[in-house]
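Here is a short briefing on one protein model. Look at the sequence and the structure first, then read on.

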Amino acid sequence: MTPRTENESDPSTTGATEATASERVADRARVEGLEAQILELQHTLGALQQEKDLVQGRLNAYRYPVLTLPTEIVSEIFVHFLPVYPHRSSLLGPSSPALLAQICRKWRDIALSTPALWRAVKVFLNKKRRLEQQLCLLERFLERSGSCRLSIELRFRRSNEDPATRELPFLQTLARHCARWEHLTLHTFWTSSLSSIEGPLPLLRCFQIGVYSHAQNSSTSAFFMAPLLSRVHMRSYRDSFFSILPWSQLTVLTVEWIAGHQFMDVLSCAVNLVFCQFGFYDLGIEQQPRDVALPSLETLMLSESLPSNPRLRGLELLTLPALRRLQVAEPFLQPDPTATLVSLVSRSQCNLQELCISNSHLPRDMYRTALPSVASVIFEGKLDLGDLDDMLFRKWDDGSGDSDSETDSEGDEESSNESD
């Protein structure tokens, strides 16, 4: 390739050097016009920026009406956002006060300084993951509740892990606040876990207990230091429960699974019951039943969980002078259902008003003829308990329907930034 000499021109500049004078004049005019447009656009942009700053300043100065409410009003609104006490909130998720603490700084400060938001909590543990993190969240919940009375629900599920490593840390954490317990639900694997509760329990009114294992017994005197305890709900009755509960002060007792001989033992001690509901899995009597009088019992509900022996021995030995409502499976009344009922009413001298017979095969008129003073006799469904149904927290104590979704929700959301 031969290099160019000084007298040879660069081909790239040939068009520029060959432009005519008129073309150069036009280009200069075009440049001036473009500069004028740029100056005009810069002026317009500056004016727009100034207007934007002015509008943004007004927006920044604006206070949303909800943020102008007094702190006390916001706190009350927050309390009504949650399930009505003693129904419980989850640790995290849509029904948790932790959600309110994630909206803005002001709401977070209000939520964290409102103890009533943190006084009721439910914890479902059926997976191995993040137990330590859930324990930390539970501790924060309890700390933020201040001096409020507590409604606590703690449910464990069957696991291959050592129950002590899963249950005891949670139970010990709860036990440090036992003086503030008002409503307590425990579903645990071992009855021995109850030994973590040392008491006293001066505010406890309602206790619900479910135990999965038969292997170990419980030993605690804490519930004898619970002078207000009057309502107890059990999934399955254990013989070890007999020595840990103050039966004589109970007015409401429900047991989903109980054996016939245990039924009579319990009633002989729980003499002040007003409401009683039992579901039987075994109706055999191992011991000779004895006469039992329950002077205050107004509602008695007896049903079959796993029927094995159709007749409930011991029913003919009850004297219930205050009985107003009775729900009973017809097989329990054999061999002569109507005679058994007439004998019960006659012996008790009670004013029975509502009678519900389940699994009935006799002509229905036989009951109405045998008991003409009973105002309502039904054969389908169950007794209408009205306000009493709310008092027993029928919906509250049954968490089985949403336990899996609840646990999944907590597990998936535990990684959120719910920190102080």
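**Charges over rings**

Start with Arg 119, which sits over the face of Tyr 85, 4.5 Å from the ring centre. Arg 144 lies over the face of Trp 118, at 4.7 Å from the ring centre. Keep in mind that this is a predicted model.

**Aromatic pairs**

- The structure holds 11 aromatic pairs.
- One of them joins Phe 78 and Trp 107, edge-to-face, with 5.2 Å centre to centre and 75 degrees between the planes.
- This pair links distant parts of the chain: Phe 78 belongs to helix α3 (residues 71-81) and Trp 107 to helix α5 (residues 105-112), 29 residues apart.
- Phe 78 is buried, because its relative accessible area of 3% is under the 20% cut-off.
- The rings of Phe 280 and Phe 332 have centres 5.5 Å apart and planes at 90 degrees, so this pair is edge-to-face.
- Phe 280 is in strand β8 (residues 275-282), while Phe 332 is in the loop between β12 (325-329) and α9 (337-348), 52 residues apart.
- Phe 280 and Phe 332 are both buried.

**An aromatic cluster**

- Which residues form one aromatic cluster?
- They are Tyr 237, Phe 241, Phe 242 and Trp 247.

**The whole protein**

- The protein has 12 helices and 14 strands.
- Of its 420 residues, 44% are buried.
- Take the contacts between residues at least 6 apart in sequence: 63% of them join residues at least 24 apart.
- The protein exposes about 21,900 Å², and carbon and sulfur atoms supply 53% of that area.

Methods:
Residues are numbered from 1 along each chain as its sequence is written. This is a predicted model: local features need pLDDT of at least 70, side-chain atom pairs count only at pLDDT 80 or more; totals for chains, interfaces and linings use all residues. Side-chain values use heavy atoms; hydrogens and water are left out. Helices (H or I, at least four residues) and strands (E, at least two) are DSSP runs, numbered from the N terminus. Buried means under 20% relative accessible area, exposed over 50%, partly exposed in between (1.4 Å probe, protein chains only). Contact means heavy atoms within 4.5 Å. Accessible areas come from the Shrake-Rupley method with a 1.4 Å probe; for residues, only the protein chains shown count as cover. Rings of Phe, Tyr and Trp (its six-membered ring) pair if their centres lie within 6.5 Å; planes under 30 degrees apart count as stacked, over 60 as edge-to-face and the rest as tilted. A charge sits over a ring if NZ of Lys or CZ of Arg is within 6 Å of the ring centre and within 35 degrees of the ring normal.
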